[in-house]
Amino acid sequence: MSSDHSKRLIVGVDGSHLSNAAVRWAARSAQLRGLDLHLVHALAGDMPLLGFGARDDLDPIRRQAQATLEAAKAQAHAVDPDLTVTTSCQKGFASKALVRASTGAAGIVLGTNGHGTLSRASVGAVAQQVATYAKCPVAVIPRESPAQAEHGAVVVGVDTSTTARRALQRAFDHAVVRGCALQVVHAWNPRGADNPARGQSDSWDAYAKEFEAIVDQTLESSRREHPRTDVAVEVVKGDPRRVLADRSADADLVVLGARGDGGFPGMHIGRVALHLMGHSASPVILVR
C-alpha cells in the first residue's frame with residue numbers, strides 16, 4: 001500500500017446493501033483513476049449487537065467485523081483482481097473514523113445510508129456527517145443500486161463560487177477517464193423573465209453567456225489536452241435541487257460543490273448538496 005494518502009480512495013463498509021454497492025463503485029473508480037482502495041469499518045459503542053454495553057466478550061463482534069471487511073475486499077477484487085486493497089477496523093463511530101481518514105485522501109465513498117436505525121431515511125446520519133466535515137471529495141451512492149446500463153454522461157452543477165469551479169474541473173476529469181460527455185448545468189429561479197438579478201447581465205441570454213464564459217475559462221487547458229471530450233452547457237430557469245435531481249436519471253455521475261453561492265460564512269454544506277444526496281438517481285460527488 002502506498003504511503004501517499006492522495007493515491008487512495010476510502011470506502012466506508014458495514015455490510016449493508018448500499019455499502020456493497022459503494023465498494024463496487026469505488027473499485028471501478030479506483031481502477032479507472034489508478035488509485036488504491038482502503039476499506040474502513042468502525043465498531044461504535046452504541047451498536048445493537050453490543051446489547052447496550054452489557055456484552056463483555058467482543059471477540060465475536062470483532063470476528064464479524066473482520067468477515068465484513070474480507071467480504072468487501074472480495075467484492076472489490078471481483079471488479080479488479082489487481083487492485084491494491086487494504087482494510088482497517090477501528091473502534092468508535094463510523095463518521096469520526098471516516099472524517100479522520102479523509103485527510104489527504106483522494107476521496108471517500110459510502111452509501112447514502114447503512115445498517116443504522118435510520119436506514120429507511122433518505123440520507124443516513126453517517127453520510128450527512130461525513131459529507132459535511134470530510135477534508136476531501138465525498139462520493140455518495142444512492143438508495144437504489146446504480147443501474148447496469150451506462151448513460152455516457154457526467155453532470156456537474158455549477159454557480160459562480162470557487163467551489164463550483166473545482167467541481168467543474170473534477171467532473172471533467174471523471175468524464176475523461178470514463179469516456180463520457182460532460183453536461184454542465186446551472187439552474188436558478190430568476191425574479192423576472194428577463195431579470196437575472198445577479199452579475200452584470202440585464203437579460204437572461206446575457207446571463208447564460210456569462211456562465212458559458214466561466215466554463216470555457218475554467219476548462220481551457222483541460223479541453224486542449226482532451227479535445228474529444230464533449231462539453232455542453234445548459235443554463236436553466238428552475239430550482240437547482242429539482243433540475244439536478246431530474247438530470248441525474250440520465251447520468252452516470254453527478255458532481256457539485258458541497259456548498260455554493262448561498263448560505264453564510266462557515267457553512268460546510270448547502271441545501272442543494274443535501275437534497276441531491278437523498279434524491280439523486282446516480283452517485284453524487286461533493287467537492288470542497
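Reader: How is the placement of helix H5 (residues 162-178) against helix H6 (residues 204-218) to be read?

Author: Axes are lines fitted to C-alpha atoms, for helices over the stretch in contact, and angles run from 0 to 180 degrees between N-to-C directions. Helices (H or I, at least four residues) and strands (E, at least two) are DSSP runs, numbered from the N terminus. Here the axes of H5 and H6 come within 10 Å and cross at roughly 60 degrees. H5 is therefore oblique to H6; angles under 35 degrees count as roughly parallel, over 145 as roughly antiparallel, 65 to 115 as roughly perpendicular and the rest as oblique. The model is predicted: local features need pLDDT of at least 70, side-chain atom pairs count only at pLDDT 80 or more, and totals for chains, interfaces and linings use all residues. Residues are numbered from 1 along each chain as its sequence is written, and side-chain values use heavy atoms, with hydrogens and water left out.

Reader: Which residues make the contact between H5 and H6?

Author: Contact means heavy atoms within 4.5 Å. H5 contributes Arg 165, Leu 168 and Gln 169, while H6 contributes Ile 214, Val 215, Gln 217 and Thr 218.

Reader: Is Ser 222 buried or exposed?

Author: Buried means under 20% relative accessible area, exposed over 50%, and partly exposed in between (1.4 Å probe, protein chains only). Ser 222, in helix H7 (residues 220-225), has a relative accessible area of 8% and is therefore buried. Leaving aside neighbours within four places in sequence, Ser 222 is in contact with Gln 169 and Phe 172. By contrast, Asp 14 counts as partly exposed at 27% relative accessibility; Asp 14 is found in the loop between S1 and helix H1 (17-33).

Reader: In what order do the strands of the sheet stand?

Author: Strands of a sheet pair through backbone hydrogen bonds, either parallel or antiparallel. Two strands pair if DSSP finds at least two bridges between them. In this model ten strands form an open sheet with mixed pairing, in the order S3-S2-S1-S4-S5-S10-S9-S6-S7-S8. Strand S3 (85-91) and strand S8 (231-237) stand at the edges, each with a single partner strand, so one side of each has no neighbour in the sheet. Neighbouring strands are turned by 20 degrees against each other on average, direction ignored.

Reader: How do strand S1 (residues 8-12) and strand S4 (residues 107-111) pair?

Author: S1 and S4 pair in the parallel sense over three bridges, and Leu 9 stands opposite Gly 107 in S4. Helix H4 (residues 125-133) packs on the sheet, touching S4, strand S5 (138-141) and strand S10 (284-287).
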